[in-house]
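The structure is shown first.

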Amino acid sequence: MIFLELLLGFLRVGFFAFGGAYAAIPFIREVVLSYGWLTDDMVTYIVAVSESTPGPVMVNMATYVGATKGGILGAAIATFAVVLPAFIIILLIMVIFKRLLNNRYFKAILSGLQPAIIGIIAATGVYMIYKNVFLTGKNASFGFSIKNALFTAVLASAFFAARKLGKKSVSPILLIVVSAVAGVFVYGL
Amino acid sequence: MAELFELFITFFKIGLFTFGGGYAMISIIKDTCVQKKKWITDEEMVNMTVVAESTPGPIAINCSTYVGFKKKGISGAVASTLGVILPSFIIIFIISLFLDNFLEIKIVAGAFAGIKAAVGILIVDATLKMFKKLKKNTLTVILALAAFAALIVFDIFAIHVSSIVILVCAAIVALALSFVKKPGKAGEGK
(Lines give C-alpha, C1' and ligand atoms only; values in the text may rest on other atoms or scores of the structure.)
Protein backbone atom coordinates (compact mmCIF):
# COMPACT_ATOMS: atom_id res chain seq x y z
CA MET A 1 0.00 0.00 0.00
CA ILE A 2 1.95 2.93 -1.34
CA PHE A 3 0.16 5.65 0.65
CA LEU A 4 0.79 3.94 3.97
CA GLU A 5 4.44 3.35 3.01
CA LEU A 6 4.85 7.00 2.07
CA LEU A 7 3.31 8.05 5.37
CA LEU A 8 5.50 5.79 7.51
CA GLY A 9 8.67 6.35 5.48
CA PHE A 10 8.47 10.12 5.63
CA LEU A 11 7.37 10.24 9.27
CA ARG A 12 10.66 8.50 9.99
CA VAL A 13 12.57 11.06 7.94
CA GLY A 14 10.81 13.97 9.63
CA PHE A 15 11.44 12.63 13.09
CA PHE A 16 15.18 12.08 12.73
CA ALA A 17 16.21 15.04 10.61
CA PHE A 18 17.91 17.17 13.24
CA GLY A 19 20.28 19.90 12.19
CA GLY A 20 18.95 21.95 9.32
CA ALA A 21 18.72 21.85 5.57
CA TYR A 22 21.07 19.01 4.70
CA ALA A 23 20.33 16.76 7.64
CA ALA A 24 17.38 15.13 5.93
CA ILE A 25 19.28 14.03 2.83
CA PRO A 26 20.88 10.87 4.32
CA PHE A 27 17.59 9.73 5.83
CA ILE A 28 15.56 10.42 2.73
CA ARG A 29 18.14 8.64 0.61
CA GLU A 30 18.01 5.64 2.90
CA VAL A 31 14.21 5.43 2.97
CA VAL A 32 13.81 6.08 -0.75
CA LEU A 33 16.44 3.49 -1.73
CA SER A 34 15.15 0.87 0.69
CA TYR A 35 11.64 1.09 -0.77
CA GLY A 36 13.05 1.31 -4.29
CA TRP A 37 11.19 4.57 -4.92
CA LEU A 38 14.06 6.31 -6.68
CA THR A 39 17.50 5.40 -8.02
CA ASP A 40 20.58 6.84 -6.35
CA ASP A 41 21.14 9.12 -9.37
CA MET A 42 17.62 10.44 -9.13
CA VAL A 43 18.13 11.25 -5.43
CA THR A 44 21.12 13.39 -6.41
CA TYR A 45 19.09 15.18 -9.11
CA ILE A 46 16.28 15.92 -6.69
CA VAL A 47 18.72 17.40 -4.19
CA ALA A 48 19.87 19.76 -6.94
CA VAL A 49 16.31 20.61 -7.97
CA SER A 50 15.42 21.25 -4.33
CA GLU A 51 18.40 23.52 -3.90
CA SER A 52 17.35 25.54 -6.94
CA THR A 53 13.70 25.97 -5.97
CA PRO A 54 12.18 27.68 -2.93
CA GLY A 55 11.56 25.80 0.27
CA PRO A 56 13.46 23.41 2.50
CA VAL A 57 15.19 20.49 0.75
CA MET A 58 13.44 17.98 3.00
CA VAL A 59 9.94 19.15 2.09
CA ASN A 60 10.80 19.38 -1.60
CA MET A 61 12.13 15.84 -1.68
CA ALA A 62 9.08 14.47 0.10
CA THR A 63 6.77 16.23 -2.34
CA TYR A 64 8.70 14.91 -5.34
CA VAL A 65 8.82 11.30 -4.18
CA GLY A 66 5.17 11.38 -3.12
CA ALA A 67 4.11 12.88 -6.47
CA THR A 68 5.97 10.36 -8.61
CA LYS A 69 4.74 7.38 -6.56
CA GLY A 70 1.18 8.42 -5.74
CA GLY A 71 0.16 11.51 -7.69
CA ILE A 72 -1.20 14.56 -5.91
CA LEU A 73 -2.51 12.50 -2.98
CA GLY A 74 0.86 10.81 -2.59
CA ALA A 75 2.59 14.20 -2.64
CA ALA A 76 0.22 15.55 -0.01
CA ILE A 77 0.69 12.52 2.26
CA ALA A 78 4.50 12.47 2.00
CA THR A 79 4.75 16.22 2.62
CA PHE A 80 2.33 16.03 5.54
CA ALA A 81 4.29 13.13 7.04
CA VAL A 82 7.68 14.81 6.73
CA VAL A 83 6.46 18.00 8.41
CA LEU A 84 4.26 16.47 11.12
CA PRO A 85 6.98 15.44 13.63
CA ALA A 86 8.53 18.93 13.58
CA PHE A 87 5.11 20.53 13.93
CA ILE A 88 4.08 18.43 16.93
CA ILE A 89 7.44 18.68 18.67
CA ILE A 90 7.46 22.49 18.46
CA LEU A 91 3.94 22.65 19.90
CA LEU A 92 4.87 20.24 22.70
CA ILE A 93 7.91 22.33 23.59
CA MET A 94 5.88 25.54 23.61
CA VAL A 95 3.01 24.17 25.66
CA ILE A 96 4.31 21.41 27.92
CA PHE A 97 8.07 21.13 27.92
CA LYS A 98 9.08 24.77 28.16
CA ARG A 99 12.07 23.82 30.27
CA LEU A 100 13.13 20.88 28.15
CA LEU A 101 15.85 22.85 26.39
CA ASN A 102 17.55 23.59 29.71
CA ASN A 103 17.31 19.99 30.91
CA ARG A 104 20.81 18.55 31.26
CA TYR A 105 19.85 15.10 29.98
CA PHE A 106 18.20 16.57 26.92
CA LYS A 107 21.30 18.71 26.40
CA ALA A 108 23.52 15.64 26.75
CA ILE A 109 21.52 13.71 24.16
CA LEU A 110 21.63 16.69 21.81
CA SER A 111 25.39 17.05 22.25
CA GLY A 112 25.70 13.47 21.01
CA LEU A 113 23.24 13.83 18.14
CA GLN A 114 24.79 16.96 16.63
CA PRO A 115 28.25 15.57 15.81
CA ALA A 116 26.82 12.21 14.71
CA ILE A 117 24.52 13.99 12.24
CA ILE A 118 27.45 15.92 10.82
CA GLY A 119 29.35 12.65 10.34
CA ILE A 120 26.36 11.04 8.66
CA ILE A 121 25.80 13.91 6.22
CA ALA A 122 29.51 14.11 5.41
CA ALA A 123 29.57 10.36 4.70
CA THR A 124 26.59 10.74 2.35
CA GLY A 125 28.32 13.54 0.42
CA VAL A 126 31.62 11.68 0.21
CA TYR A 127 29.87 8.51 -0.92
CA MET A 128 28.04 10.44 -3.65
CA ILE A 129 31.37 11.73 -4.97
CA TYR A 130 32.99 8.29 -4.63
CA LYS A 131 30.14 6.65 -6.50
CA ASN A 132 30.21 9.20 -9.29
CA VAL A 133 33.93 8.61 -9.82
CA PHE A 134 34.53 4.95 -8.97
CA LEU A 135 31.23 3.14 -9.45
CA THR A 136 30.41 4.00 -13.03
CA GLY A 137 30.13 0.41 -14.25
CA LYS A 138 26.84 -1.33 -15.07
CA ASN A 139 24.42 -1.32 -12.11
CA ALA A 140 26.87 0.72 -10.06
CA SER A 141 29.62 -1.91 -10.23
CA PHE A 142 33.25 -0.82 -9.99
CA GLY A 143 34.44 1.33 -12.85
CA PHE A 144 36.80 4.29 -12.53
CA SER A 145 35.79 7.23 -14.68
CA ILE A 146 38.68 9.57 -15.35
CA LYS A 147 36.29 12.03 -16.97
CA ASN A 148 34.11 12.24 -13.83
CA ALA A 149 37.18 12.42 -11.59
CA LEU A 150 38.59 15.38 -13.53
CA PHE A 151 35.20 17.07 -13.73
CA THR A 152 34.69 16.81 -9.97
CA ALA A 153 38.23 17.94 -9.19
CA VAL A 154 38.00 21.01 -11.45
CA LEU A 155 34.57 21.94 -10.13
CA ALA A 156 35.62 21.59 -6.50
CA SER A 157 38.81 23.60 -7.05
CA ALA A 158 36.88 26.35 -8.79
CA PHE A 159 34.31 26.41 -5.99
CA PHE A 160 36.83 26.71 -3.16
CA ALA A 161 39.16 29.02 -5.09
CA ALA A 162 36.29 31.38 -5.89
CA ARG A 163 35.47 31.57 -2.21
CA LYS A 164 39.08 32.21 -1.19
CA LEU A 165 39.61 34.88 -3.84
CA GLY A 166 36.20 36.53 -3.63
CA LYS A 167 36.10 36.34 0.17
CA LYS A 168 32.43 35.48 -0.18
CA SER A 169 30.78 32.11 -0.31
CA VAL A 170 29.52 30.91 -3.67
CA SER A 171 25.81 30.19 -3.45
CA PRO A 172 24.73 26.58 -3.97
CA ILE A 173 22.52 27.67 -6.87
CA LEU A 174 25.47 29.27 -8.65
CA LEU A 175 27.52 26.09 -8.33
CA ILE A 176 24.60 24.02 -9.63
CA VAL A 177 24.15 26.32 -12.64
CA VAL A 178 27.88 26.30 -13.44
CA SER A 179 28.03 22.51 -13.14
CA ALA A 180 24.98 22.14 -15.38
CA VAL A 181 26.45 24.35 -18.10
CA ALA A 182 29.80 22.56 -17.87
CA GLY A 183 27.93 19.23 -17.88
CA VAL A 184 26.20 20.11 -21.16
CA PHE A 185 29.55 20.63 -22.86
CA VAL A 186 31.33 17.66 -21.27
CA TYR A 187 28.56 15.04 -21.27
CA GLY A 188 25.66 16.35 -23.32
CA LEU A 189 27.05 17.07 -26.79
CA MET B 1 -10.20 34.69 10.37
CA ALA B 2 -8.50 37.77 8.96
CA GLU B 3 -5.58 37.18 11.28
CA LEU B 4 -5.27 33.56 10.19
CA PHE B 5 -5.31 34.63 6.57
CA GLU B 6 -2.60 37.19 7.26
CA LEU B 7 -0.42 34.52 8.90
CA PHE B 8 -1.00 32.22 5.94
CA ILE B 9 -0.17 34.87 3.32
CA THR B 10 2.87 36.18 5.17
CA PHE B 11 4.40 32.72 5.49
CA PHE B 12 3.38 31.87 1.94
CA LYS B 13 5.55 34.79 0.79
CA ILE B 14 8.40 33.68 3.03
CA GLY B 15 8.11 30.16 1.60
CA LEU B 16 8.09 31.47 -1.95
CA PHE B 17 11.19 33.63 -1.74
CA THR B 18 13.65 31.55 0.24
CA PHE B 19 15.78 29.29 -1.85
CA GLY B 20 17.55 26.35 -0.30
CA GLY B 21 15.82 26.92 3.01
CA GLY B 22 17.71 26.98 6.28
CA TYR B 23 19.55 30.00 7.55
CA ALA B 24 18.66 32.30 4.67
CA MET B 25 15.12 32.03 5.94
CA ILE B 26 15.92 33.16 9.46
CA SER B 27 16.87 36.70 8.47
CA ILE B 28 13.72 37.04 6.36
CA ILE B 29 11.52 35.71 9.16
CA LYS B 30 13.19 38.09 11.59
CA ASP B 31 12.68 41.02 9.26
CA THR B 32 9.02 40.18 8.73
CA CYS B 33 7.86 38.90 12.11
CA VAL B 34 9.94 41.07 14.44
CA GLN B 35 10.44 44.36 12.59
CA LYS B 36 7.46 44.71 10.27
CA LYS B 37 4.61 42.80 11.86
CA LYS B 38 5.84 42.91 15.47
CA TRP B 39 4.39 39.45 16.04
CA ILE B 40 7.27 38.35 18.25
CA THR B 41 10.02 40.20 20.14
CA ASP B 42 13.74 40.06 19.44
CA GLU B 43 14.24 37.85 22.46
CA GLU B 44 11.55 35.42 21.35
CA MET B 45 13.24 35.30 17.95
CA VAL B 46 16.54 34.22 19.53
CA ASN B 47 14.72 31.65 21.67
CA MET B 48 12.91 30.33 18.66
CA THR B 49 16.16 29.86 16.72
CA VAL B 50 17.57 27.80 19.58
CA VAL B 51 14.42 25.67 19.72
CA ALA B 52 14.49 25.21 15.94
CA GLU B 53 18.11 24.09 16.01
CA SER B 54 17.47 21.58 18.79
CA THR B 55 14.47 19.91 17.21
CA PRO B 56 14.03 17.86 14.05
CA GLY B 57 12.78 19.45 10.87
CA PRO B 58 13.73 22.41 8.71
CA ILE B 59 14.21 25.68 10.56
CA ALA B 60 11.65 27.43 8.34
CA ILE B 61 8.94 24.98 9.37
CA ASN B 62 9.89 25.18 13.05
CA CYS B 63 9.79 28.99 12.98
CA SER B 64 6.45 29.21 11.19
CA THR B 65 4.85 26.77 13.64
CA TYR B 66 6.28 28.76 16.56
CA VAL B 67 5.14 32.18 15.36
CA GLY B 68 1.72 30.90 14.26
CA PHE B 69 1.11 29.29 17.64
CA LYS B 70 2.25 32.41 19.52
CA LYS B 71 -0.17 34.54 17.52
CA LYS B 72 -3.24 32.40 17.23
CA GLY B 73 -2.86 29.02 18.91
CA ILE B 74 -3.19 25.72 17.06
CA SER B 75 -5.12 27.17 14.12
CA GLY B 76 -2.46 29.86 13.73
CA ALA B 77 0.27 27.21 13.76
CA VAL B 78 -1.57 25.25 11.06
CA ALA B 79 -2.18 28.35 8.91
CA SER B 80 1.42 29.56 8.96
CA THR B 81 2.99 26.11 8.53
CA LEU B 82 0.68 25.39 5.62
CA GLY B 83 1.56 28.78 4.15
CA VAL B 84 5.31 28.21 4.29
CA ILE B 85 5.07 24.76 2.67
CA LEU B 86 2.55 25.45 -0.07
CA PRO B 87 4.75 27.37 -2.57
CA SER B 88 7.42 24.69 -2.75
CA PHE B 89 4.76 21.99 -2.79
CA ILE B 90 3.15 23.48 -5.89
CA ILE B 91 6.45 24.13 -7.66
CA ILE B 92 7.89 20.67 -6.98
CA PHE B 93 4.63 18.97 -7.92
CA ILE B 94 4.70 20.68 -11.31
CA ILE B 95 8.38 19.75 -11.80
CA SER B 96 7.63 16.12 -10.90
CA LEU B 97 5.19 15.91 -13.80
CA PHE B 98 7.83 16.41 -16.45
CA LEU B 99 11.30 15.81 -14.93
CA ASP B 100 11.49 12.16 -16.05
CA ASN B 101 10.74 12.98 -19.70
CA PHE B 102 12.95 16.02 -19.51
CA LEU B 103 15.91 13.85 -18.46
CA GLU B 104 15.68 11.87 -21.70
CA ILE B 105 16.82 14.86 -23.71
CA LYS B 106 20.55 14.41 -24.26
CA ILE B 107 21.56 17.97 -23.36
CA VAL B 108 19.52 17.89 -20.16
CA ALA B 109 20.99 14.52 -19.20
CA GLY B 110 24.44 16.05 -19.71
CA ALA B 111 23.58 18.99 -17.50
CA PHE B 112 22.41 16.65 -14.75
CA ALA B 113 25.56 14.52 -15.08
CA GLY B 114 27.46 17.72 -14.27
CA ILE B 115 25.09 18.58 -11.45
CA LYS B 116 25.72 15.18 -9.89
CA ALA B 117 29.30 16.21 -9.21
CA ALA B 118 28.16 19.54 -7.73
CA VAL B 119 25.73 18.01 -5.24
CA GLY B 120 28.42 15.89 -3.58
CA ILE B 121 30.65 18.96 -3.27
CA LEU B 122 27.82 21.05 -1.81
CA ILE B 123 26.97 18.44 0.80
CA VAL B 124 30.58 17.98 1.89
CA ASP B 125 31.00 21.77 2.02
CA ALA B 126 27.87 22.16 4.16
CA THR B 127 29.16 19.60 6.65
CA LEU B 128 32.54 21.34 6.84
CA LYS B 129 30.69 24.52 7.82
CA MET B 130 28.59 22.63 10.38
CA PHE B 131 31.74 21.03 11.79
CA LYS B 132 33.38 24.45 12.17
CA LYS B 133 30.40 25.69 14.19
CA LEU B 134 30.26 22.56 16.36
CA LYS B 135 31.38 22.95 19.99
CA LYS B 136 34.41 20.72 19.84
CA ASN B 137 35.63 18.46 22.60
CA THR B 138 37.01 14.94 22.55
CA LEU B 139 33.55 13.41 22.65
CA THR B 140 31.97 15.43 19.85
CA VAL B 141 34.95 15.02 17.52
CA ILE B 142 35.10 11.26 18.12
CA LEU B 143 31.34 10.90 17.59
CA ALA B 144 31.46 12.86 14.33
CA LEU B 145 34.37 10.80 12.98
CA ALA B 146 32.89 7.50 14.19
CA ALA B 147 29.51 8.24 12.59
CA PHE B 148 31.27 9.21 9.37
CA ALA B 149 33.42 6.08 9.30
CA ALA B 150 30.54 3.77 10.20
CA LEU B 151 28.28 5.05 7.44
CA ILE B 152 31.04 4.96 4.82
CA VAL B 153 31.78 1.32 5.72
CA PHE B 154 28.06 0.46 5.60
CA ASP B 155 27.70 2.14 2.21
CA ILE B 156 30.76 0.59 0.60
CA PHE B 157 30.03 -2.94 1.81
CA ALA B 158 26.30 -2.51 1.21
CA ILE B 159 25.50 -3.37 4.82
CA HIS B 160 21.92 -2.44 5.53
CA VAL B 161 22.08 -0.64 8.84
CA SER B 162 20.00 2.49 9.13
CA SER B 163 21.84 5.68 10.06
CA ILE B 164 19.14 6.08 12.70
CA VAL B 165 20.94 3.28 14.56
CA ILE B 166 24.10 5.42 14.49
CA LEU B 167 22.17 8.41 15.84
CA VAL B 168 20.64 6.42 18.68
CA CYS B 169 24.07 4.99 19.62
CA ALA B 170 25.58 8.49 19.67
CA ALA B 171 22.76 9.75 21.89
CA ILE B 172 23.21 6.84 24.30
CA VAL B 173 26.97 7.32 24.51
CA ALA B 174 26.61 11.05 25.18
CA LEU B 175 23.90 10.49 27.78
CA ALA B 176 25.88 7.74 29.54
CA LEU B 177 29.00 9.91 29.66
CA SER B 178 27.02 12.78 31.14
CA PHE B 179 26.19 10.53 34.12
CA VAL B 180 29.81 9.48 34.51
CA LYS B 181 31.03 13.06 34.39
CA LYS B 182 28.52 14.29 36.93
CA PRO B 183 30.66 14.46 40.10
CA GLY B 184 33.58 16.24 38.43
CA LYS B 185 31.58 19.06 36.89
CA ALA B 186 30.46 21.33 39.65
CA GLY B 187 29.55 24.20 37.37
CA GLU B 188 26.81 22.38 35.50
CA GLY B 189 23.60 23.02 37.35
CA LYS B 190 20.29 21.24 37.14
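Helix 5 of chain A and helix 5 of chain B form a left-handed crossing. The model is a predicted one. The two axes approach within 8 Å, and the crossing angle is roughly 155°. Angles over 145 degrees count as roughly antiparallel, and helix 5 of chain A and helix 5 of chain B are therefore roughly antiparallel to each other.

On the chain A side, the residues of helix 5 that take part are A:Ile118, A:Ile121, A:Ala122, A:Thr124, A:Gly125, A:Val126, A:Met128, A:Ile129 and A:Asn132. Helix 5 of chain B meets them with B:Lys116, B:Ala117, B:Val119, B:Gly120, B:Ile123, B:Val124, B:Thr127, B:Met130 and B:Phe131. By class, the residues of this contact are 12 nonpolar, 5 polar and 1 charged.

## The contact between the chains

The contact as a whole takes 87 residues from chain A and 79 residues from chain B. Helices 1 to 7 of chain A each supply at least two residues of the side that touches chain B. Helix 5 of chain A gives the largest share of that side, with 24 residues. The side of chain A that touches chain B divides into 62 nonpolar, 21 polar and 4 charged residues.

## Chain A overall

Chain A has 7 helices and 0 strands, so that its pattern along the sequence reads α-α-α-α-α-α-α. Its C-alpha atoms fill a box of roughly 55 × 45 × 30 Å along the principal axes. Of the 189 residues in chain A, 49% are buried. Counting contacts in chain A between residues at least 6 apart in sequence, 53% join residues at least 24 apart.

## Helix 1 of chain A

Helix 1 of chain A has 15 residues. From its first C-alpha to its last, helix 1 reaches 21 Å, close to the 21 Å expected at 1.5 Å a residue. Buried residues in helix 1 of chain A are A:Leu6, A:Gly9, A:Phe10, A:Val13, A:Gly14 and A:Phe16. An α-helix has 3.6 residues a turn, so residues three or four places apart point the same way.

The buried residues of helix 1 of chain A pack against helix 2 and helix 4 of chain A, and also against helix 7 of chain B.

Helix 3 and helix 4 of chain A pack with their axes 9 Å apart, at an angle of about 125°. That angle makes helix 3 of chain A oblique to helix 4 of chain A. Their crossing is right-handed. Helix 3 of chain A contributes A:Ile46, A:Val47, A:Ser50 and A:Glu51 to the contact, and helix 4 of chain A contributes A:Val57, A:Asn60, A:Met61 and A:Tyr64. These residues divide into 5 nonpolar, 2 polar and 1 charged.

A:Pro54 lies in the loop between helix 3 and helix 4 of chain A. A:Pro54 counts as buried because it has 23 C-beta neighbours inside 10 Å, where 20 or more are needed. A:Val31 is 23 residues from A:Pro54 along the chain, and their C-alpha atoms are separated by 23 Å.

## A loop residue in chain B

B:Lys38 sits in the loop between helix 2 and helix 3 of chain B. B:Lys38 is not a glycine, yet it has a positive phi of about 55°. With 8 other C-beta atoms within 10 Å, B:Lys38 is exposed, since the limit for exposed residues is 12 or fewer.

Notes
Residues are numbered from 1 along each chain as its sequence is written. Chains are lettered from A and ligands numbered from 1 in the order in which they are written. This is a predicted model: local features need pLDDT of at least 70, side-chain atom pairs count only at pLDDT 80 or more; totals for chains, interfaces and linings use all residues. Helices (H or I, at least four residues) and strands (E, at least two) are DSSP runs, numbered from the N terminus. Two residues are in contact if their C-beta atoms, placed from the backbone, lie within 7 Å. Ala, Val, Leu, Ile, Met, Phe, Trp, Tyr, Cys and Pro count as nonpolar, Asp, Glu, Lys and Arg as charged, and the others, Gly among them, as polar. The expected span of a helix is 1.5 Å times one less than its number of residues. Axes are lines fitted to C-alpha atoms, for helices over the stretch in contact, and angles run from 0 to 180 degrees between N-to-C directions. Angles under 35 degrees count as roughly parallel, over 145 as roughly antiparallel, 65 to 115 as roughly perpendicular and the rest as oblique. A crossing is left-handed if the near helix is turned anticlockwise from the far one by less than a right angle, and right-handed if clockwise.
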